[in-house]
Amino acid sequence: MDFQHWLSYSHSDQALFRRPDLDSSWDALVVPGTLATFYFEGTGGFVLAQRAPYVIDPRTPLIQTSTEVKRSAPRASHLKLLEIHDPEAAAWWPEREIPREHWEDGRWPEVVESVLDFQTQYSTAATAKLDKYERLKAEARGEQLPTPGVTDAPARLVPPYWAVHGSADPWWRLSREAISIAITRHGGQVQPILAIREDVPTNVLAELIADLPDGLTDVFCWKGSWDEAKATEEDVAAWLDAVRVARDRGISVTNLYGGFLSALMLPLGLAGFGHGVGYSESRDTRRLGETGASETRYYVPAVHGFLTVPSAQPLIDHLPAEWACRCDVCRSVAVNDRPVIATLTQEDRKAHFLFCRRDEIEAVLSDQQAALDQMRGVADWLASNPVPAMDTDRWARPLRTWFQAISAQLD
Amino acid sequence: MSTVRPRALPATALEGPTQRLARPTCRSGPPEAALLRPTIRGLLRLGRVNQMSLAGTEMPWHQKRVDLAVMWDRQTLAVELKVDNWRRAVEQAYINRWYADESWVGLWHAYLTPAAVRAASDAGVGVLVVTRGTIYPLQSPSRPPRPNVGGDLSETLRARGVRVRDLLGEVRRRGLPALA
């Protein structure tokens, strides 16, 4: 199985996933454990109706005791998530925090099995609304209802995991043990998530990969709050070092939350990357619970970044017209060869982003040097043609850094 | 002739000035909310609005808010008010050029600098000098880069239905900071 482009599922994106023209814009879904548990039938019906590869992310850091950040009050979905980990703790959390020692008292293997059982049973248990979602999908596409058949189990199984500081972190010992248990039960079907805290260097990922038990072929890596726009050359080198360490062990690395910089790393060995639709190219392991629908920004493909609608239009109009987006969505609202984005709906902006991301991946994989040169060209142009009154360098800076970081790896 | 009774403002109509704009500035100037009354009164004096013109503060436009927007003769006018952080005001007003027919910054007279006026000029943004009692237009704004860009502040102003006289009454009623 070779999935390069993962999308995090969210309820608000359902209509988008039904569009046949976006089918080629993603390979597989990451279904948050909160949605899979709390909206068991609805999420199950939708996800299974896609007939597409998916994994269920247990999102265990949501219930991780943190001394660094005061967590907001857990939602009902977080309690539901805890139930598949440990029903007993769900009776008294969050009145009392769950100390790490709670998981170390001998119950951890049972917790791991419970989380994995939820995933293995999902495709047969979460089918109550499958008919409804298959009908909605068929109607949206003008297709016949699919013939009833066997629903697909998750493409990979993800054991519970914690956000860690490094291989000496006691939380890593638990995560590693969970991976071992999962491999014993499910062998090569296991694709764990290695999550590191936002305050540790990226090269901790390589350290964790080196410490993994044998028997894996794929891992997701997640560096908390990693913002590609602020990435340094050292970050990129550390990611690619993790890729090399993993490759030496026969393991492929997928970045769970990334953007265009991750796409640039695909030809250098990164197996894939994931993100939400229109946001969430970065997630903080400590703030998983703080979700919510903010207004979707517009993805400006020339600078490979999201801008608010008010800020994006001046930049679009400032840049040469040949750099404006030519996707179907943007062409439909183009005036003088540039899209007028205030007229786009939220769904339009998300579809535009997915078209852009698909094209970016194709461009990078077909000619990485051309993609790098284009990026450098935009950065240079912005440096000599700043947008009046705006800090233009905020868009040019990441492009320069990415160019240098990736070029250094090619030398 | 019938008298038109002032309508009550929605609870959120002045959320911005009283909450966000009222914060003290880093220098010893007046709080930004204090610029609101002289600006509205100045626009009345200059004949840019009348008491019945649609007006609003903290007007939402997608992910941003415009400090003050008014509509007069089917033209929208946006003003970003700032006491001392003129760079931020000019950037915001530059963006407003895409969504309003005229985009201005209202800057407190004591901190007005040639650099601020030059930056506003480069950005095509008009400059209003705000004093204790009124405003003085120092520099006119350029025309919008994309007239009729597809929806603008006028829709929000119409939806709110607040008028200049309502806004002034509310400013008085809530006792927003007066200028020394």
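Chain A is divided into domain 1 (5–287) and domain 2 (298–410), the bounds being taken from an automatic or database domain assignment. The model is predicted, so that local features need pLDDT of at least 70 and side-chain atom pairs count only at pLDDT 80 or more, while totals for chains, interfaces and linings use all residues. Residues are numbered from 1 along each chain as its sequence is written, and chains are lettered from A and ligands numbered from 1 in the order in which they are written.

The C-alpha centres of domain 1 and domain 2 of chain A are 29 Å apart. Between these domains of chain A, 25 residues of domain 1 are in contact with 25 residues of domain 2, a contact being counted if the C-beta atoms of two residues, placed from the backbone, lie within 7 Å. On the domain 1 side, two or more residues each come from helix H1 (14–17), helix H11 (233–248) and helix H12 (260–264) of chain A; helices (H or I, at least four residues) and strands (E, at least two) are DSSP runs numbered from the N terminus. H12(A) supplies the largest share of this side, four residues. By class, the domain 1 side comprises 16 nonpolar, five polar and four charged residues, where Ala, Val, Leu, Ile, Met, Phe, Trp, Tyr, Cys and Pro count as nonpolar, Asp, Glu, Lys and Arg as charged, and the others, Gly among them, as polar.

Between the chains, 18 residues of chain B are in contact with 14 residues of chain A. On the chain B side, helix H3 (86–96) and helix H4 (114–123) of chain B are the elements that give two or more residues. H3(B) gives the most, with four residues. The chain B side that touches chain A contains ten nonpolar, four polar and four charged residues.
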